[in-house]
Amino acid sequence: MIRVVLPAHLRTLAQVNGDVELQVEGPVTQRSVLDALEARYPMLHGTIRDHVTQQRRPFLRYFACGEDLSHEPPDAPLPDAVASGVEPLFIIGAIAGG
Amino acid sequence: MSRVRVLVGTRKGAFILTSDGKRGRWDVSGPHFSGWEIYHLKGSPADPNRVYASQTSGWFGQIIQRSDDGGRTWHQPGTPPGEPTTAPDGTPKGESNKFVYDTSPETGKPLTTHQWYDGTQHAWEFKRVWHLEPSLSDPGTVYAGVEDAALFRSTDGGKTWQELAGLRGHGTGPQWQPGAGGMCLHTILIDPSDPRRMYIAISAAGAFRTDDGGKTWRPINRGLKSQYIPNPEAEVGHCVHRIAMNPSRPKVLFMQKHWDVMRSDNAGESWQEVSGNLPTDFGFPIDVHAHEPETIYVVPIKSDSEHFPPDGKLRVYRSRTGGNEWEALTKGLPQRDCFVNVLRDAMAVDRLDPCGVYFGTTGGQVYVSADAGDSWAPIVRDLPAVLSVEVQTLP
């Protein structure tokens, strides 16, 4: 099981409390995790990645195991600790704005 | 006894204010969508319990919300949680927040760029929905005016959206350019006598009209003069802030432009200035009395750059003569040290008699006049900055 921690506003949209647990088939990458997330919570389509370009929205970041993975290629494997469910993938909203 | 429901969009959520027909005692519900910018909410004239809302965020983009019980509960009109995102045949289900510009050769190809601030051409990029305009007759049909300027339509209650690309592609698009607030399509008026006719307005491009249900469009800006553009009487490029219409006379339009208050008596074919004795003819909203089609309201604002009321006095101006002759309405409004703004979608009128007039400020006040503007009272004083105000008159 992959664990994903969403920002509070996205938890509200997805109507979940706490971490999200996802079953991911095949390699565990940013793309495969986000695909699984959006398949289970379709209301999150477009809120993390742009609908058309599939690019990460500018004010969001991906963190795991104390590392900023935001600029890693979307098909690069995520750390083993994330793939095994020991550590979550954090989707973080930038601390910005008013 | 009739009731009113006021739908307020703010920088940090939506609020719903309800009262009986006296409009003296109010119940306040909210914030809905706490922490999100709510650019606009509007109810369906065909089913007042159906309300659409534009929920946006610099972090998470655009969301469309819908209520089918008058704003008590809300949902995104796409696929519910836990359900597959594709239909059994593999085609994607609806995605209520997906606004994708039409780039098909048949409709989208004529135009892919608009003018940028530096005069170069810039690709269209979707940013947010500024205005939602439900159909007058079908609660499942709703139009969305978006930034970068384009018009979208949903015919399935907001589940999916298709661009009416004839507007963006009709030919003048490369001359459109963003105003300070972005290049937004902020006004959508549907002619109640002919639903194939619609008017829209864009900052900074101008006003446009369709007579065939949105397939083809043309600019309707003859008579507008904007000294701040290279050709003050250009076909497009005018910063129109708002257009209003009384449903009983759909060919008569009133416009608040960046500067100048204008009117048209021929469905926008030509415009005449009616600023008259206003202390400043800059402002954002404009609206028309529900039962007196020659009675109009504006809120003069000092500009450029200040964007607050002249002399710190918050005054609505009313003309009972369709413009040119204006009177200041001050009773109940702050007449000293007031430096708020009133944004373009933040004024509305109800259908009661006497007509109620409402507006919201960037200081978080929502004011009501239950006597057509003669006197005013705050419904709420301390909301986040108000972006939009709409009112529903209910049985």
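User: In this predicted model, what makes helix α2 (residues 30–40) of chain A a helix that lies across a sheet?

Analyst: The model is predicted. Helix α2(A) lies across β1, β2, β3 (60–64) and β5 (89–93) of chain A, and runs at about 110° to β2(A). The buried residues of α2(A) pack against β1, β2, β3 and β5 of chain A. These buried residues are Q30(A), S32(A), V33(A), L34(A) and L37(A).

User: Why are β2 (20–22) and β4 (67–68) of chain A called edge strands?

Analyst: The open sheet has five strands in the order β2-β1-β5-β3-β4 (chain A), with mixed pairing. Each of β2(A) and β4(A) pairs on one side only, and these are the edge strands.

User: Where do the residues of strand β23 (residues 316–319) of chain B point, and are they buried or exposed?

Analyst: V316(B) and R318(B) point one way, Y317(B) and S319(B) the other way, and all are buried.

User: Why is S270(B) called partly exposed?

Analyst: S270(B) has 14 other C-beta atoms within 10 Å. A residue is buried at 20 or more and exposed at 12 or fewer, so S270(B), with 14, falls in between and is partly exposed. S270(B) lies in the loop between β19 (261–264) and β20 (272–273) of chain B. Leaving aside neighbours within four places in sequence, S270(B) is in contact with R222(B), G223(B) and S264(B). S270(B) and L224(B) are 46 residues apart in sequence, while their C-alpha atoms are 8.3 Å apart in space.

User: How do you know that the size of chain B agrees with a compact globule?

Analyst: A compact globule of 395 residues would have a radius of gyration near 21 Å, and chain B has 20 Å, so the value agrees. The C-alpha atoms of chain B fill a box of roughly 60 × 50 × 40 Å along the principal axes. Buried residues make up 52% of the 395 residues in chain B. Of the contacts in chain B between residues at least 6 apart in sequence, 51% join residues at least 24 apart. Chain B contains one helix and 29 strands.

User: Which residues touch the most other members of the largest nonpolar core?

Analyst: Within this core of 132 residues, they are V8(B), I200(B), I243(B), Y358(B), V366(B) and V389(B). Not counting residues up to four places away in sequence, V8(B) touches residues including F15(B), G360(B), V366(B), L383(B) and V389(B). In soluble globular proteins, nonpolar side chains tend to be buried together.

User: How many residues does each chain bring to the contact between chains A and B?

Analyst: Chain B contributes 17 residues and chain A contributes 22 residues. The side of chain B that touches chain A has five nonpolar, ten polar and two charged residues.

Technical notes. Residues numbered from 1 in each chain as written. Chains lettered and ligands numbered in written order. Predicted model: local features only at pLDDT ≥ 70, side-chain atom pairs only at ≥ 80, totals over all residues. Contact = placed C-beta atoms within 7 Å. Nonpolar A, V, L, I, M, F, W, Y, C, P; charged D, E, K, R; others polar. Helix = DSSP H or I, 4+ residues; strand = E, 2+ residues; numbered from the N terminus. Rg over C-alpha atoms; globule rule 2.2 N^0.38 Å. Pairing = 2+ DSSP bridges. Axes fitted to C-alpha atoms, helices over the stretch in contact; angles between N-to-C directions. Core = buried A, V, L, I, M, F, W, Y, C linked by C-beta atoms within 7 Å.
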